[in-house]
Amino acid sequence: MTTAEVSDEDFQEILAQTRHFVRTAVVPREQEILADDRVPDDLREQAKKMGLFGYAIPQEWGGLGLDLAQDVELAMELGYTSLALRSMFGTNNGIAGQVLVGYGTDEQKSTWLEGIASGDVVASFALTEPGAGSNPSGLRTKAVRDGSPVDAPDWIINGQKQYITNAPTADLFVVFARTRPADAKGAGIAVFLVPAGTPGVEVGAKDKKMGQEGAWTADVHFSDVRVPAGALVGGSEDIGYRAAMTSLARGRVHIAALAVGTAQRALDESVSYAATATQGGTAIGEFQLVQAMIADQQTGVLAGRALVRDTARKWITDEDRRIAPSAAKLFCTEMVGRVADLAVQIHGGAGYMREVPVERIYRDVRLLRLYEGTSEIQRLIIGGGLVKAAQKR
Ligand SMILES: Cc1cc2nc3c(=O)[nH]c(=O)nc-3n(C[C@H](O)[C@H](O)[C@H](O)COP(=O)(O)OP(=O)(O)OC[C@H]3O[C@@H](n4cnc5c(N)ncnc54)[C@H](O)[C@@H]3O)c2cc1C
């Protein structure tokens, strides 16, 4: 079991500050974020100052050093507003940053982690490719050793990644590439640290997405990109696939918590609307069928919150780092989809109008069931894992 780097008292302070920031500084500017498709620079600066680009990076490297139990509490606060806010520093703390924290050499950590923790460096996680999303073991981006220098040859990377979060602003790509065909020894996938300015790295145009305005994704192309031997994460070709899977599993608990935060917001919007909007002079919240929708929303939020807290605890104690994260992501992201749908229903026609928060929420949360493993993939991990364990007994 790992011990938290941050005392409960200090953490409560961080949590209160984050809650204050989200509710008083970001919530009032949600329409601006949506209309401009951009998180305003002053909010970005405030987030940087608060340490939010590195809340899950160890203190040794300048981060806040939150453990996963604290991370999920923070995520439940961040989920309360436009998900673009969290996305801005999500890859630094999560899928990209955790590859370095868990698997980087000391030299790689000291080169990159402080910048990542401060927000001076934006790190992107580049795994998905056309035809290799749910099944990344099929990825075709290739890294081959060059002949020189003889003692520590460079790597040459060629390939294409798609839907890469924060690619348009990234300083560093954490790139998964095949160094050999999969064999009995492993998937043959390594992971490399590729600075965005390296010749041959080309970031495509910003994707036009369904929701999460202000959070940017793009394709990234690698054409004969030369990186030194020291760019290979952990100095080993064999850790790429494991690093991706561990980083994604941890990320799933965080996404589950984010979903709970957004579901709480959708519930709050629904309750306040139901309490005040009237039909025929009666507040719609007095109709029992509307109360039933609110009851289903509340039940989902409470169940999701309990599940993410339990899952984070099991991660920290190492009791379950596979089935529970997938179950939490599956349940909470499906739950928020249903809660957001009910929120639109409770708002009636108003729920279909731009500038009404639940309309944005309905679109924002759709992504949560797709990335970091679709709901189908979570079911395969859970069901497959349980059956395999039973067969081993
Ligand atoms: C906005 C956004 C941001 C993203 N950010 C990143 C990022 O930063 N880095 C990154 O690397 N990736 C990122 N992704 C990629 C994301 O993780 C993938 O899109 C996701 O894993 C699904 O892969 P896919 O799109 O190839 O769909 P597919 O894998 O083709 O899935 C299509 C459908 O088939 C189903 N399916 C696939 N395989 C199976 C199976 N074996 N059994 C049953 N059903 C199956 C899926 O569940 C789904 O319903 C992002 C995606 C989006 C949309």
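Which element gives the largest share of the shell around the ligand? It is β3, with three residues. The model is a predicted one.

Start with the overall division. An unreviewed entry lists "domain: Acyl-CoA dehydrogenase/oxidase N-terminal" at residues 9–120. Over residues 9–120 the chain is 70% helix and 0% strand. The end C-alpha atoms of residues 9–120 are 28 Å apart.

The next annotated stretch has another make-up. UniProt, again in an unreviewed entry, lists "domain: Acyl-CoA oxidase/dehydrogenase middle" at residues 124–225.

Then helix returns. UniProt places "domain: Acyl-CoA dehydrogenase/oxidase C-terminal", from an unreviewed entry, at residues 240–384. Residues 240–384 are 75% helix and 3% strand. The end C-alpha atoms of that span are 22 Å apart.

Now look at how domain 2 and domain 3 meet. Nine residues of domain 2 are in contact with 12 residues of domain 3. Where does the ligand lie? Domain 2 and domain 3 both give residues to the shell around the ligand, so the ligand lies between them.

The ligand is surrounded by 17 residues. The closest are Phe125, Thr128, Ser134, Thr374 and Glu376. By type, the shell residues divide into eight nonpolar, six polar and three charged. Two elements, β3 (155–165) and α12 (375–392), each supply at least two shell residues.

At Phe125, a polar backbone atom is 2.7 Å from a nitrogen atom of the ligand. At Leu127, a polar backbone atom is 3.0 Å from an oxygen atom of the ligand. Thr165 uses its side chain instead: an N or O atom there is 2.7 Å from a nitrogen atom of the ligand. How much of the ligand does the protein cover? On its own, the ligand has 970 Å² of accessible area, and the protein covers 64% of that.

β3 runs over residues 155–165, and the shell around the ligand draws its largest share, three residues, from β3.

Note on methods: Residues are numbered from 1 along each chain as its sequence is written. This is a predicted model: local features need pLDDT of at least 70, side-chain atom pairs count only at pLDDT 80 or more; totals for chains, interfaces and linings use all residues. Side-chain values use heavy atoms; hydrogens and water are left out. UniProt positions are given in the numbering used here, feature names are shortened, and annotations may be inferred rather than shown by experiment. Helices (H or I, at least four residues) and strands (E, at least two) are DSSP runs, numbered from the N terminus. A residue is near a molecule or strand if one of its heavy atoms lies within 4 Å of it. A polar contact is a pair of N or O atoms within 3.5 Å; within protein, one must be able to donate a hydrogen and the other to accept it, and residues adjacent in sequence count only if both atoms are side-chain atoms. Accessible areas come from the Shrake-Rupley method with a 1.4 Å probe; for residues, only the protein chains shown count as cover. Ala, Val, Leu, Ile, Met, Phe, Trp, Tyr, Cys and Pro count as nonpolar, Asp, Glu, Lys and Arg as charged, and the others, Gly among them, as polar. Domain bounds come from an automatic or database domain assignment. Contact means heavy atoms within 4.5 Å.
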